[in-house]
Amino acid sequence: MAGPFYVDPAGDNSNGLSWATAWITIQTAFDTAVAGEIIYCRGTQTLAAAIDVDINAGTNAAGWIKVIGCNAAGNVDGTRFILNGNAADIHILTAIGAADMYWMENVEVKNTGGAAKNGFNFSTSSIDGWILINCCANNCSGHGFSNGSIAFASFIRCISYSNTLDGFYNSNGPNRYFFCCARDNSRDGFSTLYTDVVYGCITHGNTDDGIGVLRYNTCLINTVIDGNADDGIELAASTGLPTPLIIGCRITNQSGAGSIGLNANSEPVVIGWCYFEDNDGDNIQNATLHQFIPLEGGALTSNLEDLANTEEGYVDKANHDFSTRYVDAGDPDLRRVAITIPWS
Amino acid sequence: MNYSFGIKPIPAVENGHIFKGDNFCQLLPHTKILEGITGLKFINCNLTNCDIPADAVFDGCKPYHVSFCPNKHPKFIEYGLAICIQNCSHVSSIDTVTIDGTVVDEVYYYEDRVVI
């Protein structure tokens with residue numbers, strides 16, 4: 001049976017080969033599509049049971065299995081296909097077995113209900129090579145994206161918000177996060193990163209750390225860490241493992257009493273050209289093993305805990321617009337790299 | 001916005017207010033929020049452990065209640081969750097460490113519990 005396949009909860013569920021004959025559940029499509037095939041989805045599927053990706057996989061030879069959300073007219077314009085857990089105490093989408101190489105674009109998961117149930121649940125089996133673009137997880141009782149067993153994955157323009165645990169929980173790796181946003185989660189925005197790259201992302205308004213339990217060989221580049229209720233970035237303590245790199249980030253307004261911009265926990269760290277502004281506690285603390293390059297250039301310094309504030313210049317952070325206003329003609333070029341994610 | 005665990009107060013709103021994408025997660029089941037406000041609408045909000053005025057309507061979310069285990073979430077103690085004993089009601093399993101037939105340690109595993 002060759003694709004492309006179609007999923008629409010309003011379809012007639014006959015053969016999945018057109019919008020008119022679309023399957024009414026994405027589970028049928030996952031159980032059918034093989035490497036190189038495409039599944040188009042539209043509308044909202046309300047779940048009574050979790051969706052399991054546990055039969056087929058993409059391959060290097062034949063390509064990814066692609067799942068692409070469409071608008072009501074069936075066009076690909078960024079409209080997300082929605083999987084609503086309806087508070088049924090279920091993980092929404094779980095990858096099981098060797099379900100490697102899926103490409104998911106424009107998919108939203110939400111409303112798991114229950115206790116510790118994840119939106120995208122990649123913590124059950126070791127899987128590789130997924131690409132998620134414009135995917136969203138919100139209002140889950142566990143993590144929005146639970147990435148405990150996924151590696152060599154790329155998350156591009158994904159958002160995770162208002163989840164009870166972490167926005168992106170990542171105890172495996174290496175994975176790549178490009179232009180993603182974690183906001184208003186009840187624990188960390190991003191947690192337990194190691195061997196990962198986080199580029200151009202935003203983590204703000206989370207109840208715990210913006211980036212928590214940061215571990216070795218991770219790069220944070222041009223990322224906004226703003227307004228979290230605990231530390232902006234907290235390195236995992238007592239690892240002594242190879243050094244995280246934190247380059248060109250904006251670490252501002254951590255709001256809890258004594259919250260630190262960067263809590264290095266006496267771990268080795270390299271910090272370069274970062275902005276710090278109005279963190280409730282010190283901008284940097286416990287940075288005993290470090291290389292630090294200040295924003296305006298100059299010599300390496302050990303005077304981290306007295307680091308002066310800088311002007312943050314966000315356009316409209318209340319509405320999650322963390323691009324910069326460029327009002328200061330003296331701003332270095334690095335700061336002029338906008339972080340503009342029109343999330344809602 | 002993130003109003004979870006009362007760290008940031010929920011603002012006073014008018015009857016008929018619409019919340020979209022906000023996090024109201026509370027530490028304890030059946031915590032009343034927004035008492036006395038009518039006609040509220042919640043879209044894609046986290047309503048864990050919230051008791052909402054009865055005429056509220058929900059789109060993509062609904063309230064449900066969970067007993068959080070402080071042994072599993074020690075950070076939540078900072079927000080006011082009461083400390084549990086080690087062998088509390090949230091224990092899901094126990095591993096024993098045995099040397100030469102003698103139990104020398106026990107490892108407790110915990111899970112949050114759904115409550116009505």
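In chain B, 26% of the contacts with a separation of 6 or more are made by residues 24 or more positions apart, two residues being in contact if their C-beta atoms, placed from the backbone, lie within 7 Å. The structure is a predicted model, in which local features need pLDDT of at least 70, side-chain atom pairs count only at pLDDT 80 or more, and totals for chains, interfaces and linings use all residues. Residues are numbered from 1 along each chain as its sequence is written, while chains are lettered from A and ligands numbered from 1 in the order in which they are written.

As for confidence, pLDDT is the predictor's own score for each residue, from 0 to 100. Chain B averages 94, and 100% of its residues score at least 70. For the complex, the predictor gives an ipTM of 0.92 and a pTM of 0.92.

The overall form of chain B comes next. Its C-alpha trace spans about 65 × 25 × 20 Å along the principal axes. The radius of gyration of chain B is 19 Å, whereas a compact globule of 116 residues would have one near 13 Å; the value is taken over C-alpha atoms, and the globule rule is 2.2 Å times the number of residues to the power 0.38. Of the 116 residues, 28% count as buried, that is, 20 or more other C-beta atoms, placed from the backbone, lie within 10 Å of their own.

Chain B holds nine strands and one helix, in the order β-β-β-β-β-β-α-β-β-β from the N terminus. Helices (H or I, at least four residues) and strands (E, at least two) are DSSP runs, numbered from the N terminus. An automatic or database assignment sets the domain bounds, giving domain 1 (1-67) and domain 2 (68-115) in chain B. Their C-alpha centres lie 29 Å apart. Seven residues of domain 1 of chain B touch nine residues of domain 2 of chain B, and the domain 1 side has five nonpolar, two polar and no charged residues. Here Ala, Val, Leu, Ile, Met, Phe, Trp, Tyr, Cys and Pro count as nonpolar, Asp, Glu, Lys and Arg as charged, and the others, Gly among them, as polar.

Between the chains, 23 residues of chain B are in contact with 23 residues of chain A. The chain B side comprises nine nonpolar, eight polar and six charged residues.

Chain A contains an open sheet of ten strands with parallel pairing, ordered S4-S7-S10-S14-S18-S21-S24-S27-S30-S33; two strands pair if DSSP finds at least two bridges between them. Strands S4 (51-53) and S33 (284-285) of chain A are the edges, each pairing on one side only.

Key. A residue is buried if 20 or more other C-beta atoms lie within 10 Å of its own, exposed if 12 or fewer, and partly exposed in between; C-beta atoms are placed from the backbone.
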